[in-house]
Amino acid sequence: MVETRIILISIAILVAFFVGSYVVNFILFLIKKIVSKTKTTLDDDIIKSLYKPIRFLSVILGAFFAVYYIERDLNIDGISVTDILFSLIVLWITYTLSRLISTSLKWYAKEIAPKTESKIDDHIFPFVRKI
């Protein structure tokens, strides 16, 4: 049976990671203020697109370390907590890359494509953005 002290420490770990996500988002907010002075809006959009992924990562890592603190070799139906974390991290990386690529494509379609004389990007970007 798990001691109350261990459960409280695990909850504290989870809360610390959750609060840490707000600290990192505040740092991103400060960076956003700095990069808002640049000529392009791409950097602003990229910083804005990272807020949710940072929050998700902190919850994933906080939950992992909280559970790992309780039971290092925890298996659920033969699947270890480490395997679950690895899968969640792969999903998080995919989600983050998707947001970054989507943000970059939207910026290109809004800022760069109208300035080009080529009509190819006018036809390709609506299709690519939906993928």
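Modeller: Arginine 5 is partly exposed, at 49% relative accessible area (partly exposed lies between buried, under 20%, and exposed, over 50%; 1.4 Å probe, protein chains only). This is a predicted model: local features need pLDDT of at least 70, side-chain atom pairs count only at pLDDT 80 or more, and totals for chains, interfaces and linings use all residues. Residues are numbered from 1 along each chain as its sequence is written, and side-chain values use heavy atoms, without hydrogens and water.

Colleague: What does the side chain of arginine 5 meet in a salt bridge?

Modeller: Glutamate 3, at 4.0 Å, N to O. A salt bridge here is a Lys or Arg side-chain nitrogen within 4 Å of an Asp or Glu carboxyl oxygen. Glutamate 3 is partly exposed too, at 44%.

Colleague: How many salt bridges in the whole structure?

Modeller: The search finds 1.

Colleague: New topic. Which residues line the largest pocket?

Modeller: Asp45, Lys48, Ser49, Arg99, Thr103, Lys106, Trp107 and Lys110. They divide into 5 charged, 2 polar and 1 nonpolar.

Colleague: Which helix gives the most to that lining?

Modeller: α4, with 5 residues. Both α2 (42–49) and α4 (81–112) supply at least two.

Colleague: And confidence: what is the mean pLDDT of the chain?

Modeller: 86, with 90% of residues at 70 or more (pLDDT is the predictor's confidence in each residue, from 0 to 100).

Colleague: Which element has the lowest mean?

Modeller: Helix α5, residues 120–130, at 66. α2 has the highest, 92.

Key: 1 Å grid on protein atoms, 1.4 Å probe; cavity = no way out; pocket = protein on both sides within 12 Å on 5 of 7 lines; lining within 4 Å. Helix = DSSP H or I, 4+ residues; strand = E, 2+ residues; numbered from the N terminus. Nonpolar A, V, L, I, M, F, W, Y, C, P; charged D, E, K, R; others polar.
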